[in-house]
Amino acid sequence: MPEGHSIHRLARQFRDVFAGRRLAVSSPQGRFAAGAAVLDGRTLVRSAAHGKHLFLHFEHGIVLHVHLGLYGAWDFGGDREFRGASSIGAPRRVGEREVPAGAGADGAGNDGDTAGYAGPPEPVGAVRVRLASDHGWADLRGATTCAAITEAEAEAVLRRLGPDPLHNVNGGRDAFIKRLTARSTPLATLLMDQKVIAGVGNVYRAEVLFRQRIDPLLPGRLLTASAAGRVWDDTAAVMADGVRDGRIITTTAGYWSEPNSLPPSEEAHFVYRRHGQPCRVCGTAVALAEHAARKLYWCPTCQSMDQA
DNA sequence: CGACAATGTGTAA
DNA sequence: TACACCTTGTCGA
């Protein structure tokens with residue numbers, strides 16, 4: 001999935017292209033027909049992301065709550081006034097990047113030909129919900145959550161989530177340190193717990209633990225507060241890069257064959273999906289284990305020392 | 001063409 | 001821990 005950085009990019013894009021506009025809302029697939037009927041014809045007031053949750057606030061206090069889950073994605077298109085990526089969501093290959101708008105004639109109807117824009121194309125595949133303004137459209141497919149809820153219900157969702165490192169909220173860092181170091185649960189498990197830190201997924205978990213040289217199976221209780229603080233700071237930095245780049249890149253220019261441009265996907269990660277390949281730092285084969293039903297990648301050498 | 005995996009989560013056993 | 005959810009690209013027969 002789309003980890004937190006993708007959801008923040010989505011919130012920004014919805015704000016840029018749809019905020020203040022009256023939207024036609026439909027469910028071509030039919031599974032969201034009732035919710036679409038409630039939202040149809042309302043104006044989008046604002047959009048917000050917290051962790052992996054997207055909230056589209058419509059007028060009269062109705063919120064479209066979307067969680068992309070493992071394979072959800074939004075596709076966009078429109079006329080020249082409709083700028084931004086044409087697809088944000090589940091990458092299907094390692095390191096796949098978003099498709100930039102105007103990337104060519106791809107049937108998405110967003111190749112910049114203003115005169116040619118005659119509304120959204122026929123829905124392709126299982127489109128759960130379609131939003132459309134006078135200038136563009138957005139299609140959602142594969143989401144695990146897509147619901148029309150009240151503002152109060154949206155706040156209840158937020159209360160269930162831990163701090164989001166992409167929000168500079170007072171106390172978020174301290175709350176994270178407290179929650180990460182309170183239990184004897186392995187750090188690999190805790191970093192995937194959205195109540196501990198919202199927005200981290202399998203890639204950022206593996207990559208940040210490597211960057212900090214921390215053993216993924218170390219019990220949270222054994223991590224010092226200062227080391228936990230460094231985990232938060234590094235996560236915030238690398239996820240902010242993800243928001244900027246539209247990709248998860250956790251390696252630095254010194255590891256790239258072409259240091260003056262962003263790296264190809266094979267050079268973008270230290271350990272994620274690199275099991276069996278040599279660690280970029282020490283050469284040891286990257287390890288892989290099934291951990292709580294998810295793949296966990298780490299370097300047994302770089303991430304085995306005591307973390308003080 | 002079918003099986004399978006995928007940056008996720010909720011629920012049941 | 002297992003499976004359901006539900007979509008699509010990849011890979012092997």
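Modeller: Exposed means over 50% relative accessible area, and buried means under 20%. This is a predicted model.

Biologist: Why is Ala-292 called exposed?

Modeller: Ala-292 has 62% relative accessibility. The cut-off for exposed is over 50%. Ala-292 therefore counts as exposed.

Biologist: Where is Ala-292 found?

Modeller: Ala-292 lies in the loop between strand 10 and strand 11. Ala-293 is found in that loop too. Ala-293 also has a positive phi, about 70°, and is not a glycine.

Biologist: Why is Ala-293 called exposed?

Modeller: Its relative accessibility is 64%. Exposed starts over 50%. So Ala-293 counts as exposed.

Biologist: How do you know that strand 10 and strand 11 pair?

Modeller: Pairing needs at least two bridges. Five bridges join strand 10 (residues 287–291) to strand 11 (residues 294–298). The two strands therefore pair, and they run antiparallel. Ala-287 stands opposite Trp-298 in strand 11. The strands form a hairpin with two residues between them.

Biologist: Why is Trp-137 called buried?

Modeller: Trp-137 has a relative accessible area of 4%. Buried means under 20%. Trp-137 is therefore buried. This residue sits in strand 8 (residues 136–141).

Biologist: What makes helix 6 mostly covered?

Modeller: Nine of its 10 residues are buried. Among them are Asn-202, Tyr-204, Arg-205, Glu-207 and Phe-210. The cover includes helix 1 (4–18), helix 5, helix 7, strand 10 and strand 11. Just after helix 6, Arg-213 takes a positive phi of about 60°.

Biologist: Which residues touch the most other members of the largest nonpolar core?

Modeller: Phe-176, Leu-180, Leu-187 and Leu-223 do, in a core of 33 residues. Helix 4 (172–180), helix 5 (187–190), helix 6 (202–211) and helix 7 (225–245) each supply at least two residues of this core. A second, separate core has 31 residues, including Leu-10, Leu-44, Leu-54 and Phe-76.

Biologist: What makes such a set a nonpolar core?

Modeller: Its members are buried residues of listed types, Leu and Phe included, joined through side-chain atoms within 4.5 Å. In soluble globular proteins, nonpolar side chains tend to be buried together.

Definitions and conventions: Residues are numbered from 1 along each chain as its sequence is written. Chains are lettered from A and ligands numbered from 1 in the order in which they are written. This is a predicted model: local features need pLDDT of at least 70, side-chain atom pairs count only at pLDDT 80 or more; totals for chains, interfaces and linings use all residues. Side-chain values use heavy atoms; hydrogens and water are left out. Buried means under 20% relative accessible area, exposed over 50%, partly exposed in between (1.4 Å probe, protein chains only). Helices (H or I, at least four residues) and strands (E, at least two) are DSSP runs, numbered from the N terminus. Contact means heavy atoms within 4.5 Å.
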